[in-house]
Amino acid sequence: MVRFIIIRLLQTVVALIGIAMLIFVLVRVSGDPALMLASATHTAEDIQQIRVNLGLDKSIPEQFWIFVTDVVQGDLGESLFKKKPVTEMIGAALPNSLRLIVPSWAVAMLGALLLGVLGATRRDGFLDNGVKFIAILGQALPGFWVAIVAVFIFSVTWQLLPTSGLGGIDHYVLPVCTLGFFVLPGMMRLVRSSMLDVLDSEYIKLARIKGLSERRIIWKHALRNAVIAPLTVAGMLFAMLITGAVIIETVFSWPGIGFIIVEGVLARDFPLVQAIVIMVASFVLGINLLVDISYAWIDPQIRYQRT
Amino acid sequence: MPEKASDSETTARPVVSGLSRRARIMRRLTFIVPVTILSLMIIMAIFADLAWLGLPDVGLAPYDPVKMSLPDRLMPPFWDEEGSTEHLLGTDKMGRDILSRLIFGARISLSVSLLVILITSFVGTVLGILGGYLGGRTEAFLMRITDISLAFPPILVAMLLAVSMGPSFVTVVLAISLLGWAAYARLIRGETLRLRQMDFVAQARIIGASPLRIMLRHIFPNVINPLIIIMTLQIGLLIITEASLSFLGVGIPPPAPSWGNMINDGRNLVDTAWWISTFPGIAIALVVMSGNFFGDWLRDKLDPRLRQL
């Protein structure tokens, strides 16, 4: 197990370096970042000055080395637009994002488990068809459109909830529900199908023969195995939550990571955008690592496979 | 001749006889309606104008999608009292015809999706077959990259590219493709692993076929069905991704009409001019649902094993 963890850790470090290289290349893919920052009023000397400031006058391997050592030391540069260290900006925005993402995740998971199980146990019934309908709709409607329509209905027409920004609990309702709805359908489909598989298995039949109550069979014995399926897609779930958060934060002017990255892109503030992408990439790798280790912990077979 | 995998032969026939009359009609409908909608959208995209035939003034779109006309701004759809049949679905805040923008938007959204599907399915299939057939370190390495790519939000890559290259059609296609191949690679690798165990592959190897030949002539023909299914199921996802990017201002740059940036145009006007955001929203939902239903139908028809897709 220790050996497995060490190998996986090393692989993660290698992957991180690979991603750093990729990000480095993508940011410089246009050729010269100094030119894209310069406006028509800049003279040739100004552009040269920008190059020196950004370290672009050095050779490519040298630039990459500086980039990597800075990142390792936690120095992600300074925002071109706000003239603040980007780590400071991210530090300020991250708690806001978490305040949005964590409750949305909880809402989506609970909803997905409840509806998925109800759909599976009442297969092809009225409720199941309703659940399927929600899933189809949820996957077809773009998240931002749902958010805009929700604002129109609940904030503009009925004036029940605030349209945007941070604030009391009422400020959370719309963003959390729309972000939750963004993730819920996919999860629900997964829970439903894995629940159907589990309900078909031998041990559930045994539980029925033993005469356990149906409620106990479903919510205790079957559910425990059916929740593993959504866990296997934890990585993809994370990607969806981040994507959703970027969109929902923009619609609701919620000052989180997604909001500042969109601002950063529109202002072409590449140190900021680059820093956020690196941060998310590290999260992605960290989650992958955790998922792998927990698998190996649950299922010893994985430990002994080639790593 | 490459031999067919007998396994998929026997399971590929869905059980229809057990279905009730109503269920059979539903099954028919889930094929006819999506295919009609998708065909209409494709016709709209192709014949929005005939500039590609040298006839820019002839086409389905009644107006130039980027032509502004401030006196006509914010006109409601024709059934509204203030609307007129000049602009069937109304106009936006710059007086541009919504219907024309919708039709040209179909061209942009569908061509982004088509290009991305072609690029990602090719890369994903090549890597998936290579990984699945060769195994060992190649496979471990490829699968690691695949896992990471699947967990990485494509929207962030798009933003990175939009910052360095500026938002454009090429940026969008590149950004979505950069991670999009992973879904194909994972599925095709799984299929290849399954096929590799089969007798016909072993027989080919005994005859002395080279690995390249086995992959091309024996494995590849047998992954075409899952490939087609996942390509169809990807349409919806791609349309939504492109729309989201354009909505955030990192996709198709205005004034070019894309469904995503049309929704963005109407975002702050939902209370006074609901039609600006609503029609592109409906268009997206229709295409995505059609793509998903058609994909599901294809899957049931071609390869019901792949239920989890």
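In the predicted model, 48 residues of chain A are in contact with 45 residues of chain B, where contact means heavy atoms within 4.5 Å. Local features are reported only at pLDDT of at least 70 and side-chain atom pairs at pLDDT 80 or more, whereas totals for chains, interfaces and linings use all residues. Residues are numbered from 1 along each chain as its sequence is written, chains are lettered from A in the order in which they are written, and side-chain values use heavy atoms, with hydrogens and water left out.

The two chains, A and B, bury about 4000 Å² between them, 77% of it on carbon and sulfur atoms. Buried area is the accessible area (1.4 Å probe) that two parts lose on being put together, summed over both. Of the area that chain A buries against chain B, 14% comes from A:Leu26, A:Phe144 and A:Trp145, more than from any other three residues. Helix 1 (2-27), helix 6, helix 7 (143-157), helix 12, helix 13 and helix 14 (270-298) of chain A each give two or more residues to the side that touches chain B. Helices are DSSP runs of H or I with at least four residues, numbered from the N terminus. Across the interface of chain A and chain B, 0 salt bridges are found (a side-chain nitrogen of Lys or Arg within 4 Å of a carboxyl oxygen of Asp or Glu).

Helix 6 of chain A (residues 126-140) has 15 residues and reaches 21 Å from its first C-alpha to its last, close to the 21 Å expected; the expected span is 1.5 Å times one less than the number of residues. Its buried residues are A:Asp128, A:Val131, A:Ala135, A:Gly138 and A:Ala140, buried being under 20% relative accessible area, exposed over 50% and partly exposed in between (1.4 Å probe, protein chains only). These residues pack against helix 5 (86-121) and helix 8 (170-199) of chain A, together with helix 8 and helix 10 (275-302) of chain B.

Two loops hold backbone features of note. Most residues other than glycine have a negative phi, and most peptide bonds are trans. A:Ser253, in the loop between helix 12 (234-251) and helix 13 (257-266) of chain A, has a positive phi of about 45°. At 34% relative accessibility, A:Ser253 is partly exposed. In chain B, a cis peptide bond with omega of about 10° joins B:Pro254 and B:Pro255. B:Pro255 is found between helix 8 (211-248) and helix 9 (259-265) of chain B.

B:Pro255 is among the residues touched by B:Arg96. B:Arg96 is buried, with a relative accessible area of 5%.

Note on methods: Lists of a residue's contacts leave out its neighbours within four places in sequence.
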